[in-house]
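User: Please go through the terms used for this structure and set each value against its definition.

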Amino acid sequence: MDFKEELAAKAEVAATTKKSDGVKLTKNMSIVDMIKALEPEIKRALPSVLTPERFVRMALTAVNNTPALAQCTPMSFIAALMNAAQLGLEPNTPLGQAYLIPYKNKKKGVVECQFQIGYKGMIDLVYRNDNVQTIQAHIVRENDHFEYELGLESKLRHIPAMEGRGEMMYVYALFKLTNGGYGFEVLNKEAVIAHAERYSPSYDGFSPWKTDFESMAKKTAIKKVLKFAPLKTECLRAIASDETIKSELAEDMTEIEGEYVEEDGSVA
């Protein structure tokens, strides 16, 4: 029994206690109709600031902006959208907070939806930690003055060229805590591309890596430097949901362990 058959069975059992505007679950149901049918479950899992109606509008906007999402298994799409909603991040909009990425799962023979946090979304999540004074990420170009040193007296110095900065060479991220602690991470362009090819299954198709490479490079550097930052458990769980595929709903989507895409394009 696949997940849509399972959902249909559950809906039939609960038909006497749940109403969804006359909508019944069927195997050929569209994503929008699935959302309407699952409205009671969705409403329980939504944050108080977001109504089911707003959730449906977010879904329609995401599908309109990325038509390939309509091919995704409904539950992977809804779970990814719910993940974004609970984190307070708008997906697939010019804000660049989060992305819903259609991905062809060759092993399952279906298209699934991967949830990705955008650069601006990652910044927003980090600033929800009271002990973080600043979090930054910058691109280093070939004509910039740039040097860094690791060790007990680590240092980082970047002076951007005033003009003609040239192509991207590195990206770095840094954080500073309210108690004076700090940390930074430096990646060359090749390391960033290797990360994108491994964790973004649609790197060569629809992907924010294609439309906004430098912002995604900054996000990658931030994720790596945050491994050394003392963050709240809620923030760490939120970051861990980045680049995952999930197929169930919960009142806290960060508690669901998602699947990660491996380098060969399969799901781990």
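Predicted model: local features only at pLDDT ≥ 70, side-chain atom pairs only at ≥ 80, totals over all residues.

Analyst: Residues are numbered from 1 along each chain as its sequence is written, and side-chain values use heavy atoms, with hydrogens and water left out.

User: Why is H7 called roughly perpendicular to H9?

Analyst: Helix H7 (residues 189-199) and helix H9 (residues 213-225) pack at an angle of about 90°, and their axes are 10 Å apart. Angles of 65 to 115 degrees count as roughly perpendicular, so H7 is roughly perpendicular to H9. Axes here are lines fitted to C-alpha atoms, for helices over the stretch in contact, and angles run from 0 to 180 degrees between N-to-C directions.

User: Which residues make the contact of H7 with H9?

Analyst: Lys189, Val192, Ile193 and His195 of H7 meet Phe213, Ala217 and Thr220 of H9, where contact means heavy atoms within 4.5 Å. These residues divide into four nonpolar, two polar and one charged.

User: What makes glutamate 243 buried?

Analyst: Glutamate 243 lies in the loop between helix H10 (233-240) and strand E8 (244-245), and its relative accessible area is 3%. Buried means under 20%, exposed over 50% and partly exposed in between, with a 1.4 Å probe and protein chains only, so glutamate 243 is buried.

User: How do you know that the side chains of glutamate 243 and histidine 195 are joined by a polar contact?

Analyst: The polar contact between these two side chains is 3.4 Å, and the definition asks for a pair of N or O atoms within 3.5 Å, of which, within protein, one must be able to donate a hydrogen and the other to accept it. Not counting residues up to four places away in sequence, glutamate 243 also touches residues including Tyr199, Lys219 and Lys223.

User: Why are the buried residues of H10 said to be on the same side?

Analyst: The buried residues of H10 are Cys235, Ala238 and Ile239. They cover an arc of only 95° around the axis, which puts them on the same side of H10; the arc is that of the directions from the helix axis to the C-beta atoms. On the other side of H10, Thr233 and Glu234 are exposed.

User: What makes proline 47 partly exposed?

Analyst: Proline 47, in the loop between helix H3 (39-45) and helix H4 (52-65), has a relative accessible area of 21%, so it is partly exposed. Proline 47 touches Ala85 and Gln86, not counting residues up to four places away in sequence.

Note on methods: Helix = DSSP H or I, 4+ residues; strand = E, 2+ residues; numbered from the N terminus. Parallel < 35°, antiparallel > 145°, perpendicular 65-115°, else oblique. Nonpolar A, V, L, I, M, F, W, Y, C, P; charged D, E, K, R; others polar.
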